[in-house]
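Subject: Structure handover

Hello,

Here is the structure I promised to pass on. Please open it alongside this message.

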Amino acid sequence: MKNIIAVLMIVTFLSSSAQAFSVFAVKKEGAKKGPVKSFIEQKRLEREQENAVKNDINEIKNVLKCLTEYSNEHNVEKVLTLYDKNYRSFDGFNYETFTKMLKETFEAYDNLTYESDIQGINLYKDKAVVTLVDTTRATLSSPKAKKNADENSDMSTGYLEGECNYAIYLQKINGCWKIIGDNVISEITSIKYGSAREYPMEFTAPLSAPYDSDYCLTLKMTPKKHTKVVASLGKEEILYPSAEPRDVFRKLPKDGILERVVHSNENGFNEYAIASVGITKMDVAQDLSVIEFQMTGLAFLMQRVNLYKDINPLREVEKDKENTLKDTDKAKNKSKPGKEDKKDNVENKG
C-alpha cells in the first residue's frame, strides 16, 4: 500500500506460482540400483522439492495475509513483526523511517482500508519477489475545507482513492519469511471534497524521467456552467518528512486543459507530480451589481514519477577505454626525450 502521505505496503497472496525443478538421482558408491529403483528415487526427490516449494509459498501467503489484516486493524506493532530490521525500500526508506510513516498514516486516516491483487509470484530458494496492485480507500474529515465553502456543498468530507503497482521482496531468515524491501512501479492517488467528486479529472505525468530534466504535467477537465476552476501543477521529491507544497494557482483555460513543464531534481530522488484543484460557483445579482464566488469543491491528484540516470552504460565504458588510451599515450610521450632533451644529451657527452 502506497499513498501520497506515507509510502507503505499492504499485500494479500491470492494465488500461487508453479516452480519447475530438475532433480537427478545420486548413486552411492558401491550400491547397485536398477533402472526402476532409480526412477522411483527420482520421483520421490521431485515430490519432496515440490512440497518444499508449496510450503514456502503457503508460508509467504500467510505472512502477507496477516500484513493486510494487521494494516486494516491499524496495528503498527503487529505489522512491524512481519518486516526484517534491515528493510529498505527503493525510495531509500529504512525500517526506522517506515515505522514513523506507518504510525503517521494510521493516525491521519483512521478508516483507511487496503485491498491487494496478486499479479505474480517468483520464488528463488530463500528469496521471493511478488508483484501486486494495491487499492487504498478512506473517508476524510476536514473542517478547514468547509471554510468559505458553499453552504449547500459537503466540503467537510473528502474521499481518498489510490492505486499502486509495485513489487515486494521477501527472504527466509532463521526459518521465517520476512519483508526486506519494495519497489513502486506506478502510483496514483486522488482526494476529492464537495462538488469535485462530480467532475471527471484526468491528470497525467510520465511514469519515469531522467534526473535533472524537463517533463510535462497535464490536467484535463470540463467546468460546468457558472463555475470557475483554478489549479496548481507541481512536483515534490519523495522524502521524509515531506516538504510543504508550493502552489501557484492558474485559471483553467477555456479548452479545459492546463499544462506545465517542471524540472526533475538532480539528486535522483523519485518524485510525486501533484495537481491541486479548486472549484468555485459564481452567483450574479439580477442587476449585475454583485458577483459572489463560493468554493464548492477541492481536489488533490497525485502520480509518481520514477527518475533514472540518462546514460548508456556501454557508451560510458567505451569512453573510459578511450580516455585510458589517451592517458597511456600521453604518458609514453612524456617518457620519450624531446629535441631539446636530445641536444642536452649530446652536449653532455661532448
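Below are the findings, by topic.

Please keep in mind that this is a predicted model.

Aromatic pairs

The whole structure contains four aromatic pairs. One of them joins Y83 and F98. Their rings are tilted, with 35° between the planes and 4.6 Å centre to centre. Y83 sits in the loop between α2 (76-80) and α3 (95-108), while F98 belongs to helix α3, so the pair ties together parts 15 residues apart in sequence. Both partners are buried: Y83 has a relative accessible area of 3%, and F98 has 1%. Y83 and F98 also form one aromatic cluster with Y87.

Another pair is F90 with Y169. This one is stacked, at 5.7 Å centre to centre and 5° between the planes. F90 comes from the loop between α2 and α3, and Y169 from strand β3 (residues 157-173), so the pair ties together parts 79 residues apart in sequence. F90 is exposed, with a relative accessible area of 54%. Y169 is partly exposed at 22%.

Cavity

F90 turns up again here, in the lining of the largest cavity. The search of the whole structure found one cavity of 30 Å³ or more. The largest cavity holds about 30 Å³ of space. Its lining consists of S89, F90, D91, D182, N183, V184, N270 and R304. Strand β4 (residues 176-194) gives the most, three residues. By class, the lining has two nonpolar, three polar and three charged residues.

Second largest pocket

About 300 Å³ of space lies in this pocket. Its lining has 17 residues, and G234, K235, E236, P245 and R246 lie nearest the centre. Two or more lining residues come from each of β8 (227-237), β10 and β11. The largest share is that of β8, with six residues. Seven of the lining residues are nonpolar, four polar and six charged.

N265

N265 lies in the loop between β10 (257-263) and β11 (271-284). Is N265 buried or exposed? It counts as buried, because its relative accessibility is 6% and the limit for buried is under 20%. Leaving out residues up to four places away in sequence, N265 touches Y211, D212, K235, E237, E271 and L307. With D212, the C-alpha to C-alpha distance is 5.1 Å, across 53 residues of sequence. With E271, N265 makes a side-chain polar contact of 2.7 Å. K235, one of the residues that N265 touches, is also among those nearest the centre of the second largest pocket.

Best wishes

Key
Residues numbered from 1 in each chain as written. Predicted model: local features only at pLDDT ≥ 70, side-chain atom pairs only at ≥ 80, totals over all residues. Heavy atoms only, no water. Helix = DSSP H or I, 4+ residues; strand = E, 2+ residues; numbered from the N terminus. Buried < 20%, exposed > 50% of the residue type's maximum accessible area, 1.4 Å probe, protein only. Contact = heavy atoms within 4.5 Å. Polar contact = N/O pair within 3.5 Å; in protein donor to acceptor, adjacent residues only side chain to side chain. 1 Å grid on protein atoms, 1.4 Å probe; cavity = no way out; pocket = protein on both sides within 12 Å on 5 of 7 lines; lining within 4 Å. Points joined across faces, edges and corners; volume = space filled by probe spheres on them. Nonpolar A, V, L, I, M, F, W, Y, C, P; charged D, E, K, R; others polar. Phe/Tyr/Trp six-rings, centres within 6.5 Å; stacked < 30°, edge-to-face > 60°.
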